[in-house]
Amino acid sequence: MKLFFRGVLLLAIAAFIGESLELVINIVLARELGEQGLGLYMSILPTIMLIAVLASMELPISISKFVAEKDKRYHRSMLLHAIGIASFIAILFLALAMIVVPHIPVFELYHPYVKILVYILIPIISFSSVFRGYFMGSQQMGKIAISNFIRRALQLVLLVIVYQLFQFEHEIALLVALCTLIASEFVVFAYMATMFFIQLRSERLEEHATLNGDTVRKGLLAVSLPMTGVRIFHSVTFAVKPFLIKYALVNAGLTETMATAQFGKLAGVAFSIGFFPAFIAHSLLIVLIPTVAEAYAKQDYLKLQNLLIQVMKLTLAYGLPSVLIFYFFAEPLTGLFFKDSPAVVYLQLLVPYFLFHFFVIPLQAYLIGLGLVKDALMHAVWSTFISFLLMYFLGSNPNLQMHGIIIGMNTGVVLLTLMHYMTVCHKIGIPLSLRLPSITNIYR
């Protein structure tokens, strides 16, 4: 438990710095790109993230789970096979991207070089996934923390330097913003690759056992494929969401330009502020997956129950104060981006969305560690279906518009959280109240 919370603390500190930098990045983008430019940036980002998910095939999750469950002498053999898998994935999806991306309509709104940036990103993500998964599974959270910091710090530095030195037209300014994003990912890849091969070299004299390639591939893909299905679903819905929102708002009477600007304020302002505390949840996720997988492999249900109680308490301890701050200080917070912005009301209405989102992330980590990835996917499908229906019909109402969109989003995340929570509690044998006589006696 000490190792668990030490890893969470280290990642949380680094993630706090990274999220702070992310907030500053979005402020810089808002001022340099303007309302419509920020809307276009936030609209293309989900599509790029979807391509990144496909390129990673969720190898970080499957590798970290494999490393946590297996003896150390098997790690080297597994990692060499994993690099082979990553190479195949990179080549396959790079070829597919070159065929498919030119025909995706969303890219027609952007500079032609944006497609090239996507092609460059694919192999970077594929190989980084192997390195990240190994460091996660072996509990080397310091390297994960440093890589997360490098990504944001470098992007911010590049943005500030380039925008200060040069003046760009809107289309080129948007291309520059995306270039800094890809450049930061490349530097993270270089750092993690260096640390990874230094680690392998330092362990070359230790005892190693060879694993059959088919065994490794089946073991990794048994987790990667269903988890990729979950991530693809989330990424597809995330990529579709901007267009669903804008379509509903146009139906409600707004022009397409106004709808794009409104979405930019929702995603670029309200989401940037509201998701800020989620760095703690993401830190929990990274450490929880191998910890839960290891405990479940040993059938240590007491540890799983104990850990769930601590995680829920920690999430409530930071989540509730955070959303109260968002609600009561919405105006000065959104004023960092735009003055007199409707994002003030958006942020206040999204308070339930952010609070429940903080719980969803560690609960999803539990589902992955327990091998319940298919359950996570079904929960996501049902909650998203209900959410999108409400977003479309309520958002198309001229009297509700963006307020209707937010009602749909809030409903979806509440449903998702409850389904995740009930499934986890049932699997590890703990009541929904999180109170067991044996556990309460321990804490007395």
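# Cut-offs and values in a predicted model

Biologist: Why is Arg-217 called partly exposed?

Modeller: The relative accessibility of Arg-217 is 36%. Buried means under 20% relative accessible area, exposed means over 50%, and partly exposed is in between (1.4 Å probe, protein chains only). Arg-217 therefore counts as partly exposed. The model is predicted: local features need pLDDT of at least 70, side-chain atom pairs count only at pLDDT 80 or more, and totals for chains, interfaces and linings use all residues. Residues are numbered from 1 along each chain as its sequence is written, and side-chain values use heavy atoms, with hydrogens and water left out.

Biologist: What makes Arg-217 and Asp-214 a salt bridge?

Modeller: The N to O distance between their side chains is 2.7 Å. A salt bridge is a side-chain nitrogen of Lys or Arg within 4 Å of a carboxyl oxygen of Asp or Glu, so the pair qualifies. Both residues lie in helix α7 (residues 213-251), three residues apart, about one turn of the helix. Helices are DSSP runs of H or I with at least four residues, numbered from the N terminus. Asp-214, at 44% relative accessibility, counts as partly exposed.

Biologist: How many salt bridges does this rule give?

Modeller: The count is four. Among them is the bridge between Glu-185 and Arg-151, at 2.8 Å from N to O. Glu-185 lies in helix α6 (residues 170-202) and Arg-151 in helix α5 (residues 141-165), so the pair ties together parts that are 34 residues apart in sequence. Glu-185 and Arg-151 are both buried.

Biologist: Why does Ser-129 count as buried?

Modeller: Its relative accessibility is 4%, so Ser-129 counts as buried. Ser-129 sits in helix α4 (residues 113-137). Not counting residues up to four places away in sequence, Ser-129 touches Ser-56, Leu-59, Pro-60 and Ile-63. Contact means heavy atoms within 4.5 Å.

Biologist: Why is Ser-272 called buried?

Modeller: Ser-272 has a relative accessible area of 11%, and therefore is buried. Its place is in helix α8 (residues 256-274). Leaving aside neighbours within four places in sequence, Ser-272 is in contact with Leu-23, Asn-26, Ala-267 and Phe-337.

Biologist: Which members of the largest nonpolar core touch the most other members?

Modeller: They are Tyr-41, Met-78, Leu-308 and Tyr-366, in a core of 154 residues. Helix α1 (residues 2-56) gives the largest share of this core, 23 residues. A nonpolar core is a set of buried Ala, Val, Leu, Ile, Met, Phe, Trp, Tyr and Cys residues joined through side-chain atoms within 4.5 Å. Beyond four places in sequence, Tyr-41 touches Leu-29, Leu-33, Gln-155, Leu-174, Ala-177, Leu-178 and Leu-181.

Biologist: Which residues line the second largest cavity?

Modeller: Lys-72, His-75, Arg-76, Leu-79, Tyr-134, Leu-200, Glu-203 and His-208 line that cavity. A cavity is a set of points, on a 1 Å grid over the protein atoms alone, where a 1.4 Å probe fits but cannot get out; lining residues have an atom within 4 Å of a point. About 30 Å³ of space lies in this cavity. Helix α3 (residues 75-100) supplies the largest share of the lining, three residues.

Technical notes
Helices (H or I, at least four residues) and strands (E, at least two) are DSSP runs, numbered from the N terminus. On a 1 Å grid over the protein atoms alone, a cavity is a set of points where a 1.4 Å probe fits but cannot get out, and a pocket is an open set with protein on both sides within 12 Å along at least five of seven lines; lining residues have an atom within 4 Å of a point. Grid points are joined across faces, edges and corners, and a volume is the space filled by probe spheres set on the points.
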